[in-house]
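Hello,

Have a look at it first, then read on for what turned up.

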Amino acid sequence: PADEGDQKMTTNTIHASHRLRIPTGTGHELAVTVHVPSPAPEGPAVVAFGFPGGGMGRGYFDVEFDGASTYSQARFHTARGWVFVAVDHLGVGESDPDEAGASYDVLAAANASVVTRVLEGLRAGTLVPGLAAMAVRGSIGLGHSAGGCISIVAQGNHACFDALGVLGFSAIHTVIPTPTGTLDLELKDRDDRSAGLEAGIKAAGGVDVFRWAFHWEDVDPRIVDADMRPGRERTEAPPAWSSPTTPAVVFSMVTPGVVTTEAAAITAPVLVAAGERDVVPDLLAEAGAYTSCTDITLVEIPTMAHMHNMAGTRQLLWDRLHRWGTSILTA
């Protein structure tokens, strides 16, 4: 695939990013950005895959604001030796469009295929021109919000990761918190492609209802405004972390038990992380969804709302994920 690499400085290392398109094997291609430390790791590398939530693209994992890279989860991990691969789902960002209205199973299968191809390319030294073959210690899936939902399906169906981080998504029932309770936007079917969610948002008072749920009060208001513009319109200079398109099926992720079967099939270690104010109504209950898993970690980050990578405490989450992933793949 074509490479559009660039070099960016972080605190501890040079960070190289490579924008690629990876075939899924079904006639589609997904857009990915491969973030690597430069020089590349000498020993076996942990490879983490980031999957964004609804309305977001893979840029969510490499946010720059006011020229600062302190919002970049990818650079945080590469500065500590990981390879980080951010992926646009089918129908998201620069990936091929979701013209057929893909189901969760189709979206997850596409992601799982790309994970396999990326890992094979890294091991063989064929993924990125000039990037030598590297040993891979193991892979970690990190899915935020709708990306967490799709990643549960990918892991449950394909066991494509050695460990899975589910960030800001409930495998039991995802709800939207409000100052007076929760906003339940339940749809009738897991593959419902109706406008039910949008109608529910409108009835609840519009996108402003999400400001409280998505961003803690200490977040720079300019970031909040860019992220939560009325109607989430993306027609004029959309933020780089967003996507103008979202697969229609992800709107049903608020249906109770939408991924019950897949979550119950996962045997790899799982970490579920939520902000203090998030869409996971009972974090302690989440362990009960992963009935085949014997290694479950639950983490709540203080003064963090649903948009984790823009929160003032974002590096607490990233550090916890990094220490967890490194220890899991060293054991």
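Let me begin with H89, which is found in the loop between β7 (83-87) and α2; helices here are DSSP runs of H or I with at least four residues, strands are runs of E with at least two, and both are numbered from the N terminus. At 3% relative accessibility, H89 counts as buried. By that I mean under 20% relative accessible area, with exposed being over 50% and partly exposed in between (1.4 Å probe, protein chains only). Apart from neighbours within four places in sequence, H89 is in contact with L30, F51, P52, S95, N111, G147 and I150, where contact means heavy atoms within 4.5 Å.

A word on the basis of all this: it is a predicted model, in which local features need pLDDT of at least 70 and side-chain atom pairs count only at pLDDT 80 or more, while totals for chains, interfaces and linings use all residues. Residues are numbered from 1 along each chain as its sequence is written, and side-chain values use heavy atoms, with hydrogens and water left out.

Overall, the protein chain has eight helices and 13 strands. Of its 331 residues, 58% are buried. Among contacts between residues at least 6 apart in sequence, 71% join residues at least 24 apart.

Ten of the 13 residues of α3 are buried, among them G147, I150 and I152. Their cover includes β4 (45-51), α2 (104-124), β8 (136-144), β9 (163-167) and α7 (260-265). Just after α3, A159 takes a positive phi of about 45°.

I152 touches L164, V166, F169, A171, V259, E262, A263, I266 and Y290, leaving out residues up to four places away in sequence. I152 is also one of the residues with the most contacts inside the largest nonpolar core, which has 104 residues. Such a core is a set of buried Ala, Val, Leu, Ile, Met, Phe, Trp, Tyr and Cys residues joined through side-chain atoms within 4.5 Å. Helix α2 gives this core its largest share, ten residues. V106 is also in α2, but V106 is partly exposed, at 42% relative accessible area.

Now the aromatics. Rings of Phe, Tyr and Trp (its six-membered ring) pair if their centres lie within 6.5 Å; planes under 30 degrees apart count as stacked, over 60 as edge-to-face and the rest as tilted. The count comes to seven aromatic pairs. F61 and F84 have ring centres 5.6 Å apart and planes at 50°, so this pair is tilted. F61 sits in the loop between β4 and β5 (63-65) and F84 in strand β7, 23 residues apart. F65 and Y71, with centres 6.3 Å apart and planes at 80°, are edge-to-face, and both are buried. Ring pairs also link F49, F51 and F161 into a cluster.

Finally, do look at R277. It lies over the face of W212, at 4.1 Å from the ring centre, and over the face of W216, at 4.3 Å. The rule here is that NZ of Lys or CZ of Arg is within 6 Å of the ring centre and within 35 degrees of the ring normal.

Best wishes
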